[in-house]
Amino acid sequence: MSEALALADPAATEALGRALAATAPASAVVYLQGDLGAGKSFLARAMLRALGVAGTVKSPTYTLVERYALDRGEAAHLDLYRIADGAELEFLGLDELAGIRLCLVEWPERGGSSLPPPDLRIALAVSGSGRMARLEQASPAGADWLDAVASYRRLRPTSDEVPRKIS
Ligand SMILES: Nc1ncnc2c1ncn2[C@@H]1O[C@H](COP(=O)(O)OP(=O)(O)OP(=O)(O)O)[C@@H](O)[C@H]1O
Ligand SMILES: [Mg+2]
């Protein structure tokens, strides 16, 4: 199952981040895909803030990985844009990330086989002045998560903040 959501403005992307955070399973890996500027970091930041990360959420473009302590558990935000070869990731200690509460990966296609497998893939694309997000399950936990996001949206049908489903 996958679904597409219209995100008319940045507030809609933030609302999607909150919906994903509110419904996330105990441990999840999310691959964030899409071109430069599609909104991957913006969505990652929205999820991290909704999970209680207070200070600045730095872009991991140069550090490759930023880690955050959450009230419960830990989150990691990776940006692999600068990785040329998946073997470079051996030095990052990615095995430590297995089982943490939330692992968000931008440019996962550059990570090769050392990355933990995804529960959810989110592909973002520019659409007019807004964005489009396609959410695709990649594990049984990811399937449950998508169901939970859909219910979350059904519970709030009148809030125009909540992203509109287009397919
Ligand atoms: N729904 C939306 N409509 C319009 N603009 C949006 C929307 N969601 C996010 N943006 C904007 O998209 C811009 C690009 O964001 P971002 O840095 O997250 O891109 P990115 O996909 O992480 O790119 P990169 O691959 O370079 O890291 C941000 O300035 C943000 O305000
Ligand atoms: Mg980014």
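Predicted model: local features only at pLDDT ≥ 70, side-chain atom pairs only at ≥ 80, totals over all residues.
Student: How many helices and strands does the chain have?
Tutor: The chain has 3 helices and 8 strands. Along the sequence they follow the pattern β-α-β-α-β-β-β-β-β-α-β.

Student: And how compact is the chain?
Tutor: Its radius of gyration is 15 Å, close to the 15 Å that the globule rule gives for 167 residues, so the chain is as compact as a globular protein of that length. The C-alpha trace spans about 50 × 35 × 35 Å along its principal axes.

Student: What share of the residues count as buried?
Tutor: Of the 167 residues, 35% count as buried.

Student: Which residues have the most contacts inside the largest nonpolar core?
Tutor: Leu-16, Val-30, Leu-104 and Val-105 do, in a core of 38 residues. In soluble globular proteins, nonpolar side chains tend to be buried together.

Student: Take Val-105. What is Val-105 in contact with, leaving aside neighbours within four places in sequence?
Tutor: With that exclusion, the contacts of Val-105 are Val-30, Tyr-31, Leu-32, Leu-78, Leu-80, Gly-111 and Leu-115.

Student: OK, strands now. How do β1 and β7 pair?
Tutor: Strand β1, residues 2-7, pairs with β7 in the antiparallel sense over 6 bridges. Within that topic, Leu-5 stands opposite Ala-133 in β7.

Student: And how many bridges join β6 to β7?
Tutor: There are 8 bridges between β6 and β7, and these strands run antiparallel. Val-126 stands opposite Arg-131 in β7, and Leu-120 stands opposite Gln-137 in β7.

Student: What about the hairpin of β6 and β7, how many residues are between the strands?
Tutor: There are 2 residues between them, and Gly-128 in this hairpin takes a positive phi near 60°.

Student: In what sense do β2 and β6 run, parallel or antiparallel?
Tutor: β2 and β6 run parallel and are joined by 4 bridges. Val-30, already mentioned for its contacts in the core, stands opposite Leu-120 in β6.

Student: Back to β7. Where does Met-132 lie?
Tutor: Met-132 lies in strand β7, which covers residues 130-137.

Student: Is Met-132 buried or exposed, and why?
Tutor: Met-132 is buried, because 20 other C-beta atoms lie within 10 Å, and 20 or more is the cut-off for buried.

Student: Which residues is Met-132 in contact with, leaving aside neighbours within four places in sequence?
Tutor: They are Ala-4, Ala-6, Leu-7, Ala-125 and Ser-127. The C-alpha atoms of Met-132 and Leu-5 are separated by 5.8 Å, although these residues are 127 residues apart along the chain.

Student: What share of the chain's contacts join residues at least 24 apart?
Tutor: Among contacts between residues at least 6 apart in sequence, 70% do.

Student: Next, Pro-118. Where is Pro-118 found?
Tutor: Pro-118 is in the loop between β5 and β6.

Student: Buried or exposed, and why, for Pro-118?
Tutor: Pro-118 is buried, because it has 21 other C-beta atoms within 10 Å. Leaving aside its neighbours within four places in sequence, Pro-118 is in contact with Val-29, Val-30, Tyr-31 and Ala-138.

Student: Let's do the ligand. Which residues come nearest to ligand 1?
Tutor: Of the 17 residues around ligand 1, Leu-7, Thr-13, Lys-40, Ser-41 and Phe-42 come nearest. The elements giving two or more residues to this shell are α1 (10-23), α2 (40-50) and β7.

Student: How many nonpolar, polar and charged residues are in the shell?
Tutor: The shell around ligand 1 has 7 nonpolar, 6 polar and 4 charged residues.

Student: Which residues of α2 are buried?
Tutor: In α2, the buried residues are Lys-40, Leu-43, Ala-44, Arg-45, Ala-46, Met-47 and Leu-48.

Student: What do the buried residues of α2 pack against?
Tutor: They pack against α1, β2 (28-33), β3 (65-69), β4 (74-79), β5 (102-106) and β6 (120-127).

Student: Last one. Which residue follows α2 with a positive phi?
Tutor: That is Gly-52, with a phi near 105°.

Notes: Residues numbered from 1 in each chain as written. Chains lettered and ligands numbered in written order. Buried ≥ 20, exposed ≤ 12 C-beta atoms within 10 Å, placed from the backbone. Contact = placed C-beta atoms within 7 Å. Near = placed C-beta within 6 Å. Nonpolar A, V, L, I, M, F, W, Y, C, P; charged D, E, K, R; others polar. Rg over C-alpha atoms; globule rule 2.2 N^0.38 Å. Core = buried A, V, L, I, M, F, W, Y, C linked by C-beta atoms within 7 Å. Pairing = 2+ DSSP bridges.
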